[in-house]
Amino acid sequence: MSLSDFIDKSSGYIPLWRDGWEDWDWYYDDNTKNVFIHCYRRAGYRDRSYQGVRLKKGSFVTSRSQIARELKISEQNVRTALKKLVSTNDILVETSRKGTIITVKNYDYLVNTKLTVNQHLTNSQPTPNQPLTSNQPTANQQLTTNNKEKKEKNVVTQNSVTNYTDDFLEFWEAYKKKRDKMSTFEYWQTMDVNDGLLKDIIKGAEEYSKTFQGNSTYMKYPRTFLIDEMWKEFIEESRNEENEVLKEKEKNLEYFKKMGVVDDEGNIL
């Protein structure tokens, strides 16, 4: 049976916007994406009370075990997904005497379908009773001004953090997907990166980047790479490969020693 066979339109709906998903940190992380959509679907559309607990719009009461049952995933996966969503300010998780309260941040923005771009432009234009004068901007002039202000704001934001540390810049150079540098650096500052860990992170970033052969489109954002500690997986793979190469060299050395071709140090006789 298709999804349409189970939809109850009398229960209301939530908008699921087309654009922006591919740029979101967790779009290619199925567990985290599913947990967020589940929270978004469960969130209340108005302020209300639940067994004496006051819930704001965008919130609901649940538990990790309940979400795990509903999504048919492990509690550990739920715990990890919630941690990731909190780290990117997608949700807020609080405890109460009735359970865990999850609040979808920016809920009003996500569900607001009333103010579209076209409506915004229309509202910016004068009515027939308000003819254009030399002192009134046209819609195009207003849009140009808004774009200019947005561009200037972006420049200020990009330059607001300039003192990147040398170890972070070394990681940034090794990791081939260059997105959200500022927020990645903010997370980097929460990590206790010593020389040994830095070496592992750099190596893992290089190995991970190689798997995409120069196409970073489907790479995780650098911040996600750090949060998930993904370098560990690639460091382990790299070490296993190095061990295999070393074993092969030792095997060849033993063979040539028996043949009397080389001495114990591997020098040709």
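View 1. At 56% relative accessibility, Lys210 counts as exposed, whereas Glu207, at 18%, counts as buried. In this predicted model, the side chains of Lys210 and Glu207 meet in a salt bridge with an N to O distance of 3.5 Å. The two residues are three apart in helix H9, and are therefore separated by about one helical turn.

**View 2. The salt bridge between Lys84 and Asp29.** The side chains of Lys84 and Asp29 meet at 2.6 Å, N to O; this pair links distant parts of the chain, with Lys84 in helix H3 (residues 75-87) and Asp29, 55 residues apart from Lys84, in the segment before helix H1 (30-42). Lys84 counts as buried at 10% relative accessibility, and Asp29 counts as buried at 11%. Asp228 joins Asp29 and Lys84 in a network of salt bridges.

**View 3. The salt bridge between Lys57 and Asp108.** A salt bridge of 2.8 Å, N to O, brings together the side chains of Lys57 and Asp108, which lie 51 residues apart, Lys57 in the loop between strands S2 (53-55) and S3 (59-62) and Asp108 in helix H4 (residues 107-111). Lys57 counts as partly exposed at 33% relative accessibility, as does Asp108 at 45%.

**View 4. The buried face of helix H7.** Phe168, Phe171, Trp172 and Ala174 are the buried residues of helix H7 (residues 166-174); seen down the helix axis they fall within an arc of 165 degrees, so they line one face of H7. These buried residues pack against helices H8 (181-188), H9 (195-210) and H10 (222-227), while Asp166 and Glu173 are exposed on the other side of H7.

How values were computed: Residues numbered from 1 in each chain as written. Predicted model: local features only at pLDDT ≥ 70, side-chain atom pairs only at ≥ 80, totals over all residues. Heavy atoms only, no water. Buried < 20%, exposed > 50% of the residue type's maximum accessible area, 1.4 Å probe, protein only. Helix = DSSP H or I, 4+ residues; strand = E, 2+ residues; numbered from the N terminus. Arc of directions from axis to C-beta. Contact = heavy atoms within 4.5 Å. Salt bridge = Lys/Arg side-chain N within 4 Å of Asp/Glu carboxyl O.
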